Amino acid sequence: MKETFSAIGHWIADAFTLDGFAHRVLGLPELASANGQAVDNLMVYLHWLMLALLVGWSLYFAYVLWRFNAARNRRADYEGSKSKIPSYVEYAIVGIEALLLVGVALPIWAKNVDNFPKPDEATVIQVMAQQFAWNARYPGDDGHFGRQEMKLIAENNVFGVDPADAAGKDDIQVFNEMHVPVNKPVLIYLSSKDVIHSFKLVAMRITQDAIPGLRIPFTFTPTKVGRFQIECAQLCGNGHAAMAGGFIVVDTPEAFASWLKSKTGSSSSTSFE
Ligand SMILES: [Cu+2]
């Protein structure tokens, strides 16, 4: 009996740690990136606040039902309560919410849109979304993307690659499955060839809209080897759901190197493997 109580006590204590609350109580999906921890923590802080409000308001509601019931109050009081406490409580809640927004949420966002890794310290990928799939391009062994030009873009050349440029000879182009090495920042330059799509990787806690005509950088650092589904987070047409056919495969550095080697020379201006 004593052990049961102690086990339950431990479970409850653990459920109220940051990680325990995120996964046992909120059931957040698996986290597989370094940048995602801050997002999960924010989720937990928000829900702790919501929980405190739920408990607080419920207690207050019960108190009011008791304090102002008909048996205790035969005649209506037209003055009502003059207490300042409700205002103070409201100010405190607004203060906590402002703190979460300005002190926690904005810094996370600012860091994610401002602190990009240097290209030579990251896995750099160009991603071109289309109805209804993902094209991806790697710079190959030389670390340089070949020349690209808008007017060269065609049905079978979504990145507008110039076949005459030698720097593009070892570029790699893949369709719907991109590999990255674990524990190294990934820097993606995202665009779209037709409508607005959105590159969502739940496990990495990353979502970025893909907008035709723009090349938008975003970054994440994968921390777990595995195969993670990419979803399109903007309704982009009648085949929208098919965009969940995109995957990021996080490899060990060795597995990534051999994958890259196996694909070298695949950029020959086709969008399909
Ligand atoms: Cu889409």
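Okay, let's start with a bend: at a given residue, that's the angle between axes fitted to the seven residues ending there and the seven starting there. Helix α4 bends by about 30 degrees at Leu106, with a proline, Pro107, following within four residues. Helices here are DSSP runs of H or I, at least four residues, numbered from the N terminus.

Quick housekeeping. This is a predicted model, where local features need pLDDT of at least 70 and side-chain atom pairs count only at pLDDT 80 or more, while totals for chains, interfaces and linings use all residues. Residues are numbered from 1 along each chain as its sequence is written.

Back to α4. From first C-alpha to last, its 30 residues reach 42 Å, close to the 44 Å expected at 1.5 Å a residue (that's 1.5 Å times one less than the number of residues). How many of the 30 residues of α4 are buried? The number is 0, so α4 lies largely in the open. Buried means 20 or more other C-beta atoms within 10 Å of a residue's own, with C-beta atoms placed from the backbone.

Now, its partner. Helix α3 (residues 36-67) and α4 (residues 85-114) pack at about 170 degrees, axes 10 Å apart. Axes are lines fitted to C-alpha atoms over the stretch in contact, with angles from 0 to 180 degrees between N-to-C directions. The pair is therefore roughly antiparallel, the word for angles over 145.

Last one: helix α2 (residues 18-25) and α3 cross at roughly 80 degrees, their axes coming within 9 Å. That makes α2 roughly perpendicular to α3, a label covering 65 to 115 degrees.

Conventions: Helices (H or I, at least four residues) and strands (E, at least two) are DSSP runs, numbered from the N terminus. Angles under 35 degrees count as roughly parallel, over 145 as roughly antiparallel, 65 to 115 as roughly perpendicular and the rest as oblique. A residue is buried if 20 or more other C-beta atoms lie within 10 Å of its own, exposed if 12 or fewer, and partly exposed in between; C-beta atoms are placed from the backbone.
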